[in-house]
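Open the model in your viewer and keep the selection panel at hand. The tour goes stop by stop.

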Amino acid sequence: MKIQFKDLDYQDDAILSAVKLFEGQQIRQSNFTISSNQDQGKLYTETGVGNNIHIQSNKMLQNLNQVQIDNEIPVSETLSNSYPQFNIEMETGTGKTYVYIKSILEINRKYGFTKFVIVVPSVAIKEGVIKSFQMTREHFKTSMNGIVYREFMYDSSKLGDVYQFAQNDSIEIMVINIQAFYKGKQGSENMRIMYRDDRDTLFGNRPIDLIAATNPIVVIDEPQSVDNTPKAKEAIDALNPSAIFRYSATHREKSHPLIYKLGPVDAYDKELVKQIEVAGVENDVDGNEAYLKLIEVKATKKSLYARVEMYVKSKNDISKKEVKLKQGDDLYIKSKRIAAYEKVGFVRELSAESGNESIEFSGQPSIIRLSQAIENDRQIKRGQIRKTIEEHLDKELKLNKKGIKVLSLFFIDNVSNYRQYDDNNNVILGPYAKIFEEEYNKLIRRPKYKDLQDKNVPVEEVHDGYFSIDSKKRYKDTKGDSQADESTYKIIMEDKEDLLTFCNEEKGQTKSANKLRFIFSHSALKEGWDNPNVFQICTLVETQDSITKRQKIGRGLRIAVNQEGQRVHGFDINTLTVMANESYKDFASGLQKEYEEEGIEFGVFDEYVFSTIITSIDEKTGLKESLGKESSKKLHKFFKDNDYISSKNKGTEKLAEDLKNEIIEVPEEFEEIKEEIIKVVQKKFDRNKMEIRNHDDRVKIKVKKEALAGPFLELWEKIKYKTSYSISFDSNQFIDKAAGELEDELQIRIARLNYNKAKLATTESGVGYVNEETTTLEVSESDYHDAPDILSYLQNETNLTRKTIIQILKKSNTLRDFRRNPEMYMMEVAKILNSMKRQAMVDGIKYEKKSNEETYDQMLFNDDELLGYKEKLVEVTDNRSVYNYIEIDSEVEREFAIECEQDQDVKFYIKLPSWFKVKTPLGQYNPDWALLIEEYGKDKLYFVVETKGDISKDKLRPVESAKIKCGRKHFNAIDTGVTFKKATSLKEVL
């Protein structure tokens, strides 16, 4: 299968932007006419043929300004010094390599220039560029009238290629990495040969001199990594460029004129790249194992300290918090007495040395390094691998029938985690490969994937790694820039199209790449390689992650390709799932930070934001005039003075209100272009993301009568009964009361993994996310061999005697839960016992169900028609609740309602109305929610749920806590199978 190419509008715009800069140069009229214009653009010298560019600087500046106006870019006042240089900004995955190859060919076709040099930052990108030439050759031959050109990769052992480059009068394109002619520390033997006389092959000329004599047009791929030092700039100067075009997703060097811009926001809006969703697997916080992550080690004149993330106990729970550590600090004390940290011990030594930041402990782990996390990492990695495979198989069910082969990419930082060797040098599976095969075999056998089983190849053939190989033919760890890596890049580049092709042995497609669907890589794939059908990217690194978020997503941003080699557009097909080793919130904020560090500003109105507005067009010449920088600054100041733009150059709430009400003001002199000004503002500023509180914006909360059937009636039948109560009091049995309370209230979870997934949206105002899925992954129950001293802990926390504690625990029949989760068990028991001591509770209350005729009347729902403010409502999108909106009283309730709305296992849910009240000795009790949940597609569960901001007894007022207890006894008494829960999220209910 060959990838098909076609001209896309945005790519044509970028190509035309480069070609137009040379207008005024004599145009080459034909490739075939035997006349003087055939040599147009060529300069014949003693050493060969070069580019003959004689366009005047003032004309090129005029061309530049017209291109910038067309592309809505603030105009430049001057060209770059020495030789013109131009920036072209194209988001990763939008085809910049294709664009600059075609730009080279179009510049030749129009002006006759023949000598071009493409400079790249690494051997990986060099291999990728050569592969792009190979893949596009037939396309350009067909679309550009049989155009002939020669591209070659500079190789110091093949200097004849350089001689041909200088001598030939046809199109010559040399691809070279900066290290080959860089005179700094990065230079190599290749560099020394570039500057060496070679009388045998180059007739006494240095290779660099032959290249320089051609006055090449230079293309720099990823300039932020190519000419980012003075020595690198000297190397570029040595090429003697006639002009330079600099292509990157983000330019750090802003001094050169920008001629075209397709940033991440435009690429996302136009669906030119895949939609990104980020998923993550995290340990549920339980405190039974130590967790540590080193964030920073800082040395000041007065102190040396580290900032770490670790578990810290509070009165109510255990959570991850940032903690400062200095030499001698005891981790057990810092964690507020979490037993697991006793094994870690104290801080023995800190190192703030750059590149070697670390903390040494007296126990285990003995050392932790920057960004390294110590936790039950292997369980998390298993969860990541499992969910990546599951996401992959789900996409295969959808996309295989559309002729799209799905690929998944795993990044690892240690080859031995994937491939190992026995004593006889035989390849054996590393731990990640073992986990992969175990989880794949489990998942593929599910009935859900029956259609994939028939076409399935053996598990050992669906995954493989691309790694460098040492002299003993073993895979090895490399940094991606060694000679050994070059062969790795060549192999995967050669496999690129085969990786896109389904394995079909009937058609002779038996190559291993055709069978491969899961790819493991060390360093080779962090740049320079991508594949349009990578739909999952999983990060399995154990130490500091050297691969940036932009590098990760860049490997899978391209639009997918089917078996005919055609691009298949649309976000419904093109969604890239990144299985990150962090939360989706951290990934989104980190990605935005990377964008901002690279110079992308979100939602910022700079002084020149209005400068590109076109004010006039000359009818004779077609030349356009724009508003210009000075007028833009004046207009910008007006917007600031009128409180449309803040001191940080961001849109304000007043701007949002006036946009909404269409009453934007502009100075009188700009009235004629007011419409264009507003368009610029709307493009830069999303008023919908600005919270405008309009208290007149009220909506009616209505009963959905069509919802009062089916699941509603089934749920209502479980909760509609009323009760009466009687009270008895016995104050002499504290132990019995405490034991009963423990048995009734204590809820100890086993260890588990939490899986969260969210879609990202890149807009002018930043990188946002929308939560899409939250679920729990089961893990094997932990076996704690070194259990903490429960009696000493509870005695210290409650001040009860050891004898009393022993009696309560024995009678509570809850000790079986201690081994499931020791730390949580001790904390929860202590909280309950202390609550019993401090509060005067309802000592004894007994509820009895009334006759079946005495029930809450469901007809009361029909009488409800309320008004609510949108900011206090959650919209119901289907018939799984009684009302069209849920009115919420807190953020906890808002999140709970949204969770119910998103979780399709929730078949019906009700925010119980104010008239649904349970009588208690302390006043009426109004429960929060009633739920009907279908578990595993068959079992129906009925819940009444209390959602308070904090459901622990220590935080609830005594009366509230007593009412809730009465509510539980009420639902127990009606005995209809309803489970009463206190929770702050739907996840806790389940």
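Start inside: the largest cavity holds about 110 Å³ of space. A cavity here is a set of points, on a 1 Å grid over the protein atoms alone, where a 1.4 Å probe fits but cannot get out. Points are joined across faces, edges and corners, and the volume is the space filled by probe spheres set on them. Select Tyr 268, Val 273, Ile 276, Tyr 595 and Thr 762: of the 14 lining residues, these are the closest to the centre of the largest cavity. Lining residues have an atom within 4 Å of a point. Now colour helix H10 (264–269), strand E10 (275–283) and strand E31 (752–763), the elements that each give two or more residues to this lining. Helices (H or I, at least four residues) and strands (E, at least two) are DSSP runs, numbered from the N terminus. The lining divides into ten nonpolar, two polar and two charged residues. Nonpolar covers Ala, Val, Leu, Ile, Met, Phe, Trp, Tyr, Cys and Pro; charged covers Asp, Glu, Lys and Arg; the others, Gly among them, are polar. The count comes to three cavities of 30 Å³ or more.

This is a predicted model: local features need pLDDT of at least 70, side-chain atom pairs count only at pLDDT 80 or more, and totals for chains, interfaces and linings use all residues. Residues are numbered from 1 along each chain as its sequence is written, and side-chain values use heavy atoms, with hydrogens and water left out.

Zoom out to the whole chain. It has 31 helices and 40 strands. Of its 990 residues, 53% count as buried, that is, under 20% relative accessible area, with exposed over 50% and partly exposed in between (1.4 Å probe, protein chains only). Among contacts (heavy atoms within 4.5 Å) between residues at least 6 apart in sequence, 70% join residues at least 24 apart.

Next, select helix H1 (residues 9–19). Its buried residues are Tyr 10, Gln 11, Ala 14, Ile 15, Ser 17, Ala 18 and Val 19. What covers them? Show helix H2 (57–70), strand E3 (85–90), helix H3 (96–111), strand E8 (243–248) and strand E9 (258–262), which are included in the cover.

Go to His 636, in helix H21 (residues 629–641). His 636 counts as buried, at 5% relative accessibility. Its side chain makes a polar contact with the side chain of Asn 649 (3.4 Å). A polar contact is a pair of N or O atoms within 3.5 Å; within protein, one must be able to donate a hydrogen and the other to accept it, and residues adjacent in sequence count only if both atoms are side-chain atoms. Leaving aside neighbours within four places in sequence, His 636 also touches residues including Phe 605, Asp 606 and Glu 607.

Glu 396 sits in helix H12 (residues 377–399). Buried or exposed? Glu 396 is buried, at 5% relative accessibility. Beyond neighbours within four places in sequence, its contacts are Val 406, Leu 452 and Arg 517.

Finish on the backbone. Most residues other than glycine have a negative phi, and most peptide bonds are trans. The bond from Gln 364 to Pro 365 is cis, with omega near 5°. Pro 365 lies in the loop between strand E15 (358–361) and strand E16 (367–369). Asn 240 has a positive phi of about 55°, and lies in the loop between helix H9 (230–238) and E8. Asn 799 has a positive phi near 65°. Asn 799 counts as exposed, at 67% relative accessibility.

Notes: On a 1 Å grid over the protein atoms alone, a cavity is a set of points where a 1.4 Å probe fits but cannot get out, and a pocket is an open set with protein on both sides within 12 Å along at least five of seven lines; lining residues have an atom within 4 Å of a point.
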